[in-house]
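Please consult the sequence and the model shown below while reading.

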Amino acid sequence: MKVIVCKTYEEASLESAKIVAEVMKNKPNAILGLATGSTPEGMYSELARMNKEGEIDFKDITTVNLDEYYPISPDNDQSYRYFMNKNLFDRVNIDKSRTHVPDGSAPDGEKEAERYENYVRSLGGADIQVLGIGRNGHIAFNEPDEELVPVTHVTSLTADTIDANARFFKSADEVPTHALTMGMGTILSAKKIIIIATGANKHEAVKQMLKGTCTTKCPASFLNLHKDVVLVCDEAAYNG
Ligand code: F6R
């Protein structure tokens, strides 16, 4: 795994955006795998700026997001669809019909997971997948467990993740208990992966991942199986 240590969150956001922009310049119809959460917000702002300044073009870009709460309406301001529209899609020249987020309003979650998995597979996987990392080492909603699931599936959120996400809701009780998420194999099918980690609360997870071994106790450690992964982090996440 290649590691880029930045001084600040802003620097990490710019470095990450540069990596995504490079893929877009080399392949104007690239498939971008995208993440939500606080971490990539700065990167999305940089990508929006680059698009405004004419450096990158989203006209022929397709996107596939990692996950979505379940059940949740796409209009709910806590949904990941809403987040993506606000933080990126409404700020760049992307064709919205090419933007894909698992449908949190689908009547049957299992069927939606299967449909989404088949769709990502039909694209041949993402050209680049952007990831954040949970403080417990989760990626997308693949939480530490005895076993990990390879394909897109419905999962229940751990108490730790509900607690971490409660800051976006009025109270922890309002955080949805389930989610639709790409599986470990879906994520690893991307041609290139960039994982962004900022802040001291990510240090333990980063340290475990950088050991170079794989354990289901830290799903991010499975990125060690992939041959083109870049970790972009700040000094706090790297050094603790
Ligand atoms: C979101 C996602 C999650 C986050 C992780 C870190 O699409 O896949 O795994 O990347 O929970 O979240 P933040 O960035 O808010 O610390």
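## The ligand shell

The shell around the ligand has 4 nonpolar, 6 polar and 3 charged residues by class. In this classification Ala, Val, Leu, Ile, Met, Phe, Trp, Tyr, Cys and Pro are nonpolar, Asp, Glu, Lys and Arg are charged, and the others, Gly among them, are polar. Of the 13 residues around the ligand, those that come nearest are Thr-39, Asp-67, His-138, Ala-140 and Lys-202; a residue counts as near if one of its heavy atoms lies within 4 Å of the molecule.

## Basis of the model

The model is predicted: local features need pLDDT of at least 70, side-chain atom pairs count only at pLDDT 80 or more, and totals for chains, interfaces and linings use all residues. Residues are numbered from 1 along each chain as its sequence is written, and side-chain values use heavy atoms, with hydrogens and water left out.

## Contacts and burial of the ligand

Polar contacts are pairs of N or O atoms within 3.5 Å. An oxygen atom of the ligand lies 2.8 Å from a polar backbone atom of Ser-38. In the side chain of Asp-67, an N or O atom is 2.8 Å from a ligand oxygen, and in that of Lys-202 an N or O atom is 2.6 Å from a ligand oxygen. Taken alone, the ligand exposes 410 Å², of which the protein buries 91%; these areas come from the Shrake-Rupley method with a 1.4 Å probe.

## Cysteines

How many disulfides does the count come to? The count is 0, where a disulfide is a pair of cysteine sulfur atoms within 2.5 Å. The sulfur of Cys-6 is too far for a bond, because the closest cysteine sulfur, in Cys-233, is 7.1 Å away. For Cys-218 the closest cysteine sulfur, in Cys-214, is 9.5 Å away, also too far for a bond.

Cys-6 is buried (under 20% relative accessible area), with a value of 1%. Cys-218 is buried as well, at 3%.

Conventions: Buried < 20%, exposed > 50% of the residue type's maximum accessible area, 1.4 Å probe, protein only. Polar contact = N/O pair within 3.5 Å; in protein donor to acceptor, adjacent residues only side chain to side chain.
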